[in-house]
Amino acid sequence: MARAIGIFGGTFDPVHFGHLRAALEARELLGLQDFRLLPSGTPPHRSVTMASSQHRLAMLRQAVAAYPEFSVDDRECRREGRSFMTDTLADIRSGAGDKPLILIIGQDAANGLDRWHEWQSLFELAHIAIMRRPDSQTSWSPALQAQMKGRLVARAHELLKQPAGSVLNLQVTQLAISSTDIRQRIKDGRSARFLLPDAVIDYIEQNRLYFAGQPRKG
Ligand code: ATP
């Protein structure tokens, strides 16, 4: 799918191997050459224990520095305040012509899609690829179900037929790693080694992110 653009959004607070493995597999399954990791801008009520968008962006850049198959899209981090995915996709669309855009999201995010700002217009802007675990449950509200109906396609190449509007399920490995757990470990002075890239751990230590005040062992 040389023509299509994949967009893997997240908070990446911090990025970890769960994200990176899922991104790698999604890129492979979709056969994408243009695959972008897109960190969210800073939400308005962000807890002080979490990293700024500039730190999250820097960690992500460190994590994929050696992997040219991934690029980092910093447009939400460059914007002031809250960014909505619809605005971000509209921005990407304005530079992409009629190339298919594929927004890649996890099953949990997909289940809550109808709580996103102007969520119906997401389908006009992009295709949606939902990363599923073998045991993950679809739980769609009636409104979401009505939107999804008729959009589901079985194969990745079907997303090439139009710029937006279809939904594809992707089976990717979901490692039991979360940013929340990593932040808690660091705060508690426990090691997060092997849950995320060493370069990201080094960055966290150098910048004393997520840290509650106790000396920590690597
Ligand atoms: P937090 O614990 O802070 O909520 P998170 O680890 O869930 O963060 P996000 O940045 O919110 O990470 O996730 C970005 C995207 O990566 C989402 O689509 C999410 O479904 C997916 N993702 C997160 N963790 C994993 C994982 N372990 N395996 C596969 N996909 C993941």
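A residue is called partly exposed when its relative accessible area falls between the buried limit, under 20%, and the exposed limit, over 50%. The legends below refer to a predicted model.

**View 1. Asp87 in helix α4.** Asp87 belongs to helix α4, which spans residues 85-96. Its relative accessible area is 37%, so Asp87 is partly exposed. Leu122 is 35 residues away from Asp87 along the chain, and the two C-alpha atoms are 9.5 Å apart.

View 2. The ligand is surrounded by 19 residues, and the closest are Thr11, His19, Leu175, Ser179 and Thr180. The largest pocket is the space that the ligand takes. Two or more shell residues come from each of β1 (5-10), α1 (17-30), β4 (101-106) and α8 (179-187). Sorted by class, the shell holds 11 polar, 7 nonpolar and 1 charged residues.

View 3. The side chain of His19 places an N or O atom 2.8 Å from an oxygen atom of the ligand. Backbone atoms also take part: a polar backbone atom of Leu175 is 2.6 Å from a ligand nitrogen atom, and a backbone N or O atom of Ile177 is 2.9 Å from a nitrogen atom of the ligand. On its own the ligand has 610 Å² of accessible area, of which the protein covers 78%.

**View 4. Ala176 in the loop between β7 and α8.** The loop that contains Ala176 runs between β7 (167-171) and α8. Ala176 counts as exposed because its relative accessibility is 86%, where the cut-off is over 50%. Gly18 is 158 residues from Ala176 along the chain, yet their C-alpha atoms are separated by 7.1 Å.

**View 5. The cis peptide bond at Pro14.** Asp13 and Pro14 are joined by a cis peptide bond with omega of about 5°. Pro14 is in the loop between β1 and α1. Most peptide bonds are trans, and most residues other than glycine have a negative phi.

View 6. Phe194 is not a glycine, but its phi is positive, about 75°. This residue is located in the loop between α8 and α9 (198-207). With 69% relative accessibility, Phe194 counts as exposed. Arg208, another residue other than glycine, has a positive phi near 50°. The segment after α9 contains Arg208. Its relative accessibility is 55%, so Arg208 counts as exposed.

Definitions and conventions:
Residues are numbered from 1 along each chain as its sequence is written. This is a predicted model: local features need pLDDT of at least 70, side-chain atom pairs count only at pLDDT 80 or more; totals for chains, interfaces and linings use all residues. Side-chain values use heavy atoms; hydrogens and water are left out. A residue is near a molecule or strand if one of its heavy atoms lies within 4 Å of it. A polar contact is a pair of N or O atoms within 3.5 Å; within protein, one must be able to donate a hydrogen and the other to accept it, and residues adjacent in sequence count only if both atoms are side-chain atoms. Accessible areas come from the Shrake-Rupley method with a 1.4 Å probe; for residues, only the protein chains shown count as cover. On a 1 Å grid over the protein atoms alone, a cavity is a set of points where a 1.4 Å probe fits but cannot get out, and a pocket is an open set with protein on both sides within 12 Å along at least five of seven lines; lining residues have an atom within 4 Å of a point. A molecule sits in a cavity or pocket if more than half of its atoms lie within 2 Å of its grid points. Helices (H or I, at least four residues) and strands (E, at least two) are DSSP runs, numbered from the N terminus. Ala, Val, Leu, Ile, Met, Phe, Trp, Tyr, Cys and Pro count as nonpolar, Asp, Glu, Lys and Arg as charged, and the others, Gly among them, as polar. Buried means under 20% relative accessible area, exposed over 50%, partly exposed in between (1.4 Å probe, protein chains only).
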